[in-house]
Amino acid sequence: MSERNVVVAAAQGLHARPAQLFVQAAARQPVPVSVRIGDGAPVLASSILGVLSLGVRHGTEVTLSAEGDGAAGALEELAGLLARDLDAEQPA
């Protein structure tokens, strides 16, 4: 299993819009990805309710994990997304 730690840069954490962008990106990955805080229970990264239930705030370190072909690329893409301030970016 591949894992990647990343600090969430979004100014308001993973609330509505940043969480939606993250969940949509996770759903496009070729493998299921989970996300957790510390030793907490992981949730499916493609589940908006699961991601929101984590209550991730700005500066929180989360752990992404995935297994299978494409796991490393999926984690790299999602970690890069979380490392950006999604609150400051204009909607596409």
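Trainee: Which residues touch the most other members of the largest nonpolar core?

Mentor: They are F22, V33, V35 and L64, in a core of 28 residues. The term denotes a set of buried Ala, Val, Leu, Ile, Met, Phe, Trp, Tyr and Cys residues joined through side-chain atoms within 4.5 Å. Two or more residues of this core come from each of α1, β2, β4 and α3, and α3 gives the largest share, 7 residues. Please note that this is a predicted model, in which local features need pLDDT of at least 70 and side-chain atom pairs count only at pLDDT 80 or more, while totals for chains, interfaces and linings use all residues. Residues are numbered from 1 along each chain as its sequence is written, and side-chain values use heavy atoms, with hydrogens and water left out.

Trainee: With what is F22 in contact, leaving aside its neighbours within four places in sequence?

Mentor: F22 is in contact with V35, A45, V51, L64, L78, L81 and L82. Contact here means heavy atoms within 4.5 Å.

Trainee: What is the span of helix α1, and what is expected of it?

Mentor: Helices (H or I, at least four residues) and strands (E, at least two) are DSSP runs, numbered from the N terminus. Helix α1 covers residues 16-27, 12 residues in total. The expected span is 1.5 Å times one less than the number of residues. From first C-alpha to last, α1 reaches 16 Å, close to the expected 16 Å.

Trainee: Which residues of α1 are buried, and what makes them lie on the same side?

Mentor: The buried residues are P18, A19, F22, V23, A25 and A26. They cover an arc of only 160° around the axis, which puts them on the same side of α1; the arc is that of the directions from the helix axis to the C-beta atoms. Buried means under 20% relative accessible area, exposed over 50%, and partly exposed in between (1.4 Å probe, protein chains only). On the face of α1 turned away from the buried side are the exposed residues A16 and A27. The cover over the buried residues of α1 includes β2 (33-37), α2 (48-53), β4 (61-66) and α3 (71-82).

Trainee: Which residues of α3 are buried, and how do you know that they line one face of the helix?

Mentor: In α3 the buried residues are A71, A74, L75, L78, A79, L81 and L82. Seen down the axis of α3, they fall within an arc of 155°, so they line one face. In general, an α-helix has 3.6 residues a turn, so residues three or four places apart point the same way. The buried residues of α3 pack against β1, α1, β2 and β4.

Trainee: What makes the contact of E3 and R36 a salt bridge?

Mentor: The term requires a side-chain nitrogen of Lys or Arg within 4 Å of a carboxyl oxygen of Asp or Glu. For E3 and R36 the N to O distance is 3.2 Å, so the pair meets the rule. E3 is in strand β1 (residues 2-7) and R36 in strand β2, 33 residues apart. By this rule the count comes to 2 salt bridges.

Trainee: Is R36 buried or exposed, and E3?

Mentor: At 17% relative accessibility, R36 falls under the 20% limit and therefore counts as buried. E3, at 47%, counts as partly exposed.

Trainee: What does R4 form with E76, and why does the pair tie together parts apart in sequence?

Mentor: R4 and E76 form a salt bridge, their closest N and O atoms being 2.6 Å apart. R4 lies in strand β1 and E76 in helix α3, so the pair ties together parts that are 72 residues apart in sequence. R4, with a relative accessible area of 31%, is partly exposed, and E76 is partly exposed at 47%.
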